[in-house]
Amino acid sequence: MNVTASDMLDIIRKKGRPTVNDYIPLIFDDFFELHGDRLYGDDGAIKGGIGYFKGTPVTVIAQVKGRNLEENKASNFGMPHPEGYRKALRLARQAEKFKRPVICLIDTAGAFCGVEAEQRGQGEAIARDIMEFMTLRTPIISIILGEGGSGGALALGVCDELAMLENAIYSVISPRGFASLLWKDASREREAADIMKITASDLKKLGVCDCVIKEPGEGAHTDKEAAAAFIKEYIGAALKRKLKKGLDELLEERYNKFRVIGEFTEADKG
Amino acid sequence: MNVFSVVRKRWGSVSPEDNNAKKPDIPTDLLFKCPRCGTVSFSEEFNANGKVCVNCNYHSRLTARERLDITIDKGSLVEFDKGMLSKNPINFPGYEEKQQKLRDRTGLEDAVVTGKCRIRNREVVIIVMDSHFLMASMGSVVGEKITRAFEYATANRLPVIAFTASGGARMQEGIVSLMQMAKTSGAVARHNEAGLLYITVMTDPTTGGVTASFASLGDIIIAEPKVLIGFAGRRVIEGTIKQKLPDEFQSAEFMLENGFVDMIVDRKKMRRTLAHLLALHDSDGGGSV
């Protein structure tokens, strides 16, 4: 089976692809949703809360793609506003205080592009999450479920381990945006997807993705319980790896995880 | 190519697409047309005014060299990481050739100059982005040089001043460019935790992944008048809301009004302002010597 990046675009866009609204009850117990950023409002595009993961209290921060129009209206199709990112930061800080690991579930085409998002500082909100997550003194595990679109995904992607579902993609810009920007032709989306190196296996080679979580059958939509079980198995193993480390060691490794990414040559320094 | 696009290019359009296209080889421009107010002035007059629009005070783009010349103490620059060149991490067709052409044309190796210098005799690490190189998009070299500059400043207890300008992440480097946002912000976090001063000066244009990372993380954020500052592209937003946005949208003044910029400072007062701010931090991470 040779699935290309553009085939994956089709798979993650399938109507029945599970979202965090499917996964949260299947993976966590006694989940309580916590609302609001305490500054402006509550963003339905990011769902946050606390619950048990196999008996361990954890904080969950998740981007919500709706399963239908009604859910999508409430979650703005999974495209967060600044208050969503600020809620994420508030809950991450709370997790640090109560020594709970943070589990981030990423699934967004990107941060919302709109007038109000700019007025309320979309760039600043994302930047702040990236910086603060880098030094957050508790383990952070991030998993890309479907789409990991640009800075809007990275805001929840500064972590100790990044995993991706087998058909998930993670990119600097959507394939459509890439085609439109570099070739002035948005219709070349599939071609863009295939050269951009956005699949889990490509990103593993580039050192961005640490672990690929397999999907059942033809994709997660064919068996959401099985998909949730694979994710659960991964979270269990990742937490075990990270919880046994000291916090200083963990933060040093988190810094270096990103520090080493970049491809350049240097002049001989003699 | 129509006549308007030629005119736009000659007069320094704000469109990043124009920048990617082939420019006509014209050695000197006699006229400057302000992208903000549309006023046309003689280049001589515009240049004498520090590349600031004589009508509306729009602060136009400078090269990194021009910026350093008007900002730092003469001859004080010790440049970091000269000779660092980007590879082609996702094998994007034509990326090496494009970079080489830009290196030949601009004399830059990539879109940022970093180093240690003095401003009115105060030691500081300086970062200057140059929009003349691929709209100062952030790829491996920009990310690495900025990260190293912060790491040097942290190790040597120096303040950092960053003149930002960028179209955002460098698409041609794919996901690797997105990761530079995390890498640079991580280095800012460590500098911040060490109790050291970081001043951002946002210049035209500061957008995308640079706004959504180190540019927005300064202790003090200054902007030049009338420059473009934002996260999403104007046309993307116009496409979403299906209407034209007002001219002042995503300007320095818009950002000040919404609380994301501390002050707007004229170019001719910038060096003095930076020196005063450094002095105010002398006893605590301001890099006194």
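The buried residues of helix α11(B) are covered by elements that include α4 (64-71), β5 (112-119), β6 (122-129), β7 (160-166), β8 (198-206) and β9 (220-223) of chain B. The buried residues themselves are R267(B), M270(B), L274(B), L277(B) and L278(B). This is a predicted model. It scores ipTM 0.97 and pTM 0.93.

| Helix | Residues | Length | End-to-end C-alpha distance | Expected span |
|---|---|---|---|---|
| α11(B) | 267-280 | 14 residues | 20 Å | 20 Å |

For α11(B), the reach is close to the expected value at 1.5 Å a residue.

The buried residues of α4(A) include P82(A), E83(A), G84(A), Y85(A), R86(A), K87(A), A88(A) and L89(A). L91(A), A92(A) and A95(A) are buried in this helix too. Their cover includes the strands β1 (29-34), β2 (46-53), β3 (56-63) and β4 (102-108) of chain A. The helices α5 (115-119) and α6 (122-134) of chain A also belong to that cover. After α4(A) comes K99(A), with a positive phi near 55°.

**The sheet of chain B**

Several of the strands that cover α11(B) belong to one sheet. The sheet is open and has seven strands, in the order β3-β5-β6-β7-β8-β9-β10 (chain B). Its pairing is mixed. At the edges stand β3 (78-79) and β10 (263-264) of chain B. Each has a single partner strand, so one side of each is left without a neighbour in the sheet. Within the sheet, β5(B) and β6(B) run antiparallel and are joined by eight bridges. In one of these pairings, G115(B) has I126(B) in β6(B) as its bridge partner.

**Chain A as a whole**

Chain A has 12 helices and nine strands. Its radius of gyration is 18 Å, close to the 18 Å that the globule rule gives for 270 residues, so chain A is as compact as a globular protein of that length. Along the principal axes, its C-alpha atoms fill a box of roughly 60 × 50 × 45 Å. Of the 270 residues, 53% count as buried. Take the contacts in chain A between residues at least 6 apart in sequence: 70% of them join residues at least 24 apart.

**Where the chains meet**

In the contact between the chains, 45 residues of chain B touch 42 residues of chain A. On the chain B side, the elements giving two or more residues are β4 (85-86), α6 (140-155), α7 (174-193), α8 (208-211) and α9 (234-241). The most comes from α7(B), with 15 residues. By type, this side of chain B divides into 23 nonpolar, 17 polar and five charged residues.

Strand pairing also crosses between the chains. Strand β9 (residues 264-265) of chain A pairs with β4(B) in the antiparallel sense, over two bridges. There, F264(A) stands opposite S86(B).

**Confidence in chain B**

The mean pLDDT of chain B is 90. Of its residues, 88% reach 70 or more. Residues 1-21 of chain B stay under 50, and the model has 22 contacts beyond four places in sequence for them. Where pLDDT is low, the predicted coordinates should not be read in detail.

Terms used:
Residues are numbered from 1 along each chain as its sequence is written. Chains are lettered from A and ligands numbered from 1 in the order in which they are written. This is a predicted model: local features need pLDDT of at least 70, side-chain atom pairs count only at pLDDT 80 or more; totals for chains, interfaces and linings use all residues. Helices (H or I, at least four residues) and strands (E, at least two) are DSSP runs, numbered from the N terminus. The radius of gyration is taken over C-alpha atoms; the globule rule is 2.2 Å times the number of residues to the power 0.38. A residue is buried if 20 or more other C-beta atoms lie within 10 Å of its own, exposed if 12 or fewer, and partly exposed in between; C-beta atoms are placed from the backbone. Two residues are in contact if their C-beta atoms, placed from the backbone, lie within 7 Å. Ala, Val, Leu, Ile, Met, Phe, Trp, Tyr, Cys and Pro count as nonpolar, Asp, Glu, Lys and Arg as charged, and the others, Gly among them, as polar. Two strands pair if DSSP finds at least two bridges between them. pLDDT is the predictor's confidence in each residue, from 0 to 100. The expected span of a helix is 1.5 Å times one less than its number of residues.
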